[in-house]
Amino acid sequence: MTTCLRSYVCGEWVTGTGDKSPLYNPTTEAIVAETSTEGIDFSKALAFARDEGGPALRAMTFAERGEMLVKVAKAIHEYREELIDLAIQNGGNTRSDAKFDIDGATGTLSYYGKLGQKLGAEKVLNDGETIQLTRNPRWVGQHLYTPLRGAAIHINAFNFPAWGMMEKAACALLAGMPVVTKPATSTALVAYRMAEIAIESGLLPKGSFTFIGGNPGDMLDHVDWQDVIAFTGSSDTGLMIRSRENILKHNVRVNVEADSLNAAVLGPDLETEDETYDLFLREVSKDMTQKAGQKCTAIRRILVPEDMMDAVKEDLSRELSQAPVGNPAEKGVKIGPLATARQVKDACAGLERLKEVAKPVYGDGSRGELVGVEGDKGYFFAPVLLEASDARAPAIHDREIFGPVATLIPYSGKAEEAAEILGLGRGSLVSSVYSDKADFALTMTREVAPFLGRLHLASKKVAELSAGPGVVMPTLVHGGPGRAGGGEELGGERGLTFYMQRTAVQGYQPLLEKLK
Ligand code: NAP
């Protein structure tokens, strides 16, 4: 029987009325679940979160909220195998891709849980020390963070249904704001089951976690000034959300994590025998193939010194040829299908445009030779590596192809030139520099940091420690300027402040000391 997703609103599970939207298995195109949110009163759902969940969370200390997150992570982890199976079915994930998403979710919940325990028996955060405002030490100021009184509305992308939902929830709940979360409909099955486990665990206070199993209806019309929205998805949807009249009118905080054409730069000092060159090959091919390239942090542009281009072409093509495409449930398959038929259509259209300025050196945009797949079913798209003739052609830098596609871009070997080309992406989540020369790495850092949310400096000194640029750590900020959305999430304690108001409190020094 097909699973029918429910939503959890006003403290109870509800099933939408009317026509249902299907969720597919992207390998077989079979329907695996269906959902509808019709009939939900979104105004009431938000009010319930604000009125019930908010006070309940604010009554708890950071340590108590932290303990709750650690326990929720453990409760979810017990169902890891079931969740992996659902991610294979509905996300087209290989087992390894599924673990990346699911363990990312529980890992981030645990991390924020432990951070809460460290913050201790407080309910608010001080930002820095008290500041003496005049010559008289009795008159001081203190910056103070308190949780906003609204609901934290989370809208997530299809590619990380588990991690995307829980990394946002961890920050909001620890900060003391109730969550109203919505996964992308196409891959919502894992998020639904994870939400079900979290809610049924009984660990989350009433109203603190609302789950919308699909279309958010008119919810955004009811967003008010103490609410916040954290969105991950395409730039177009992000723009549409942040430019809605009531959101502009009430100056609602909106955090957007959107498109990004992340780059990898091979330093001019590296030869094919170098350990750092091997690391470059490993990390670039992993980033292109993991989750079939449907990763916001995936490398899309590869800058290579002209004299190394032939070697890189050959070596990367060999790496890619060792990543079989096919049924993600089959052992040995490294690349599953894209998540939906629409994603394949978008990737094909993006590739056609890219081919006008770059020629394929590996793959051609076809399904490729598939392992364990019958006939022509499934949304498959095998990896494509291209080589650009013009390093500055806009098509290379302005359209993110959300699949296993990357372009090799020649440059002279000068850091300033590499930085200028990287900047044509107009804002990325992350980029990487592979070099054993400190001068090159430091010049690149100074030149490209304003264009990036995160910079991965890879060298032989850290080769065995590096998890690659694609791994988003809860300790470091995630987000990027410009095309990447202009947002910022995570980064330890920094991740809480989006959900809190910073107020400068000025007054009598002994009184303000009591705030600590
Ligand atoms: P999308 O089509 O923009 O959808 C993102 C989310 O927005 C989904 O939950 C979608 O819901 C929802 N949505 C769409 N229209 C809406 C509306 N009118 N009101 C409220 N919500 C609405 O993006 P996607 O295809 O899921 O994700 C792919 C994109 O996300 C890529 O471009 C990728 O770069 C980006 N991404 C960025 C990051 C990052 O961290 N920066 C991470 C992952 C992905 P429905 O599915 O129900 O329509």
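The legends below describe close-up views of a predicted model. Residues are numbered from 1 along each chain as its sequence is written, and side-chain values use heavy atoms, with hydrogens and water left out. As the model is a prediction, local features need pLDDT of at least 70 and side-chain atom pairs count only at pLDDT 80 or more, while totals for chains, interfaces and linings use all residues.

**View 1. The largest pocket and its lining.**
The largest pocket holds about 1200 Å³ of space. On a 1 Å grid over the protein atoms alone, a cavity is a set of points where a 1.4 Å probe fits but cannot get out, whereas a pocket is an open set with protein on both sides within 12 Å along at least five of seven lines. Lining residues have an atom within 4 Å of a point. Grid points are joined across faces, edges and corners, and a volume is the space filled by probe spheres set on the points. The lining of the largest pocket has 47 residues, and Phe158, Gly233, Ser234, Thr237 and Arg342 lie nearest the centre. Two or more lining residues come from each of helix 5 (161-175), strand 11 (228-232), helix 7 (235-242) and helix 11 (341-354). Helices (H or I, at least four residues) and strands (E, at least two) are DSSP runs, numbered from the N terminus. By residue class, the lining of the largest pocket has 17 nonpolar, 16 polar and 14 charged residues. Here Ala, Val, Leu, Ile, Met, Phe, Trp, Tyr, Cys and Pro count as nonpolar, Asp, Glu, Lys and Arg as charged, and the others, Gly among them, as polar.

**View 2. The second largest pocket.**
About 440 Å³ of space lies in the second largest pocket. Its lining has 19 residues, with Thr94, Ser96, Thr289, Val333 and Lys334 nearest the centre. Helix 4 (95-119) and helix 9 (275-289) each give at least two residues to this lining. Helix 9 supplies the largest share, 4 residues. The lining of the second largest pocket divides into 8 charged, 7 polar and 4 nonpolar residues.

**View 3. Helix 5 and the residue that follows.**
Helix 5 has 15 residues and reaches 22 Å from its first C-alpha to its last, close to the expected 21 Å. The expected span is 1.5 Å times one less than the number of residues. Buried means under 20% relative accessible area, exposed over 50%, and partly exposed in between (1.4 Å probe, protein chains only). Just after helix 5, glycine 176 takes a positive phi of about 105°.

**View 4. Strand 5 and its pairing with strand 1 and strand 4.**
Strands pair if DSSP finds at least two bridges between them. Strand 1 (residues 3-5) runs parallel to strand 5 (residues 31-35), with 3 bridges, and cysteine 4 stands opposite glutamate 34. Strand 4 (residues 21-24) runs antiparallel to strand 5, with 4 bridges, and tyrosine 24 stands opposite isoleucine 31. The hairpin of strand 4 and strand 5 has 6 residues between the strands, and glutamate 29 takes a positive phi near 70° there.

**View 5. The salt bridge of arginine 50 and aspartate 227.**
The structure holds 21 salt bridges, each a side-chain nitrogen of Lys or Arg within 4 Å of a carboxyl oxygen of Asp or Glu. In the bridge between arginine 50 and aspartate 227, the closest N and O atoms are 2.7 Å apart. Arginine 50 lies in helix 1 (residues 42-58) and aspartate 227 in the loop between strand 10 (209-211) and strand 11, 177 residues apart. Both arginine 50 and aspartate 227 are buried.

**View 6. Salt bridges of arginine 193.**
Arginine 193 bridges to glutamate 82, with the closest N and O atoms 2.6 Å apart. Arginine 193 is in helix 6 (residues 188-200) and glutamate 82 in helix 3 (residues 80-91), so the bridge ties together parts 111 residues apart in sequence. Arginine 193 counts as buried because its relative accessibility is 18%, whereas glutamate 82, at 32%, counts as partly exposed. Glutamate 196 also forms a salt bridge with arginine 193 (2.7 Å, N to O). Glutamate 196 and arginine 193 are 3 residues apart in helix 6, so about one helical turn separates them. Glutamate 196 and arginine 193 are both buried. Salt bridges with shared partners join Arg6, Glu82, Arg193 and Glu196 into one network.
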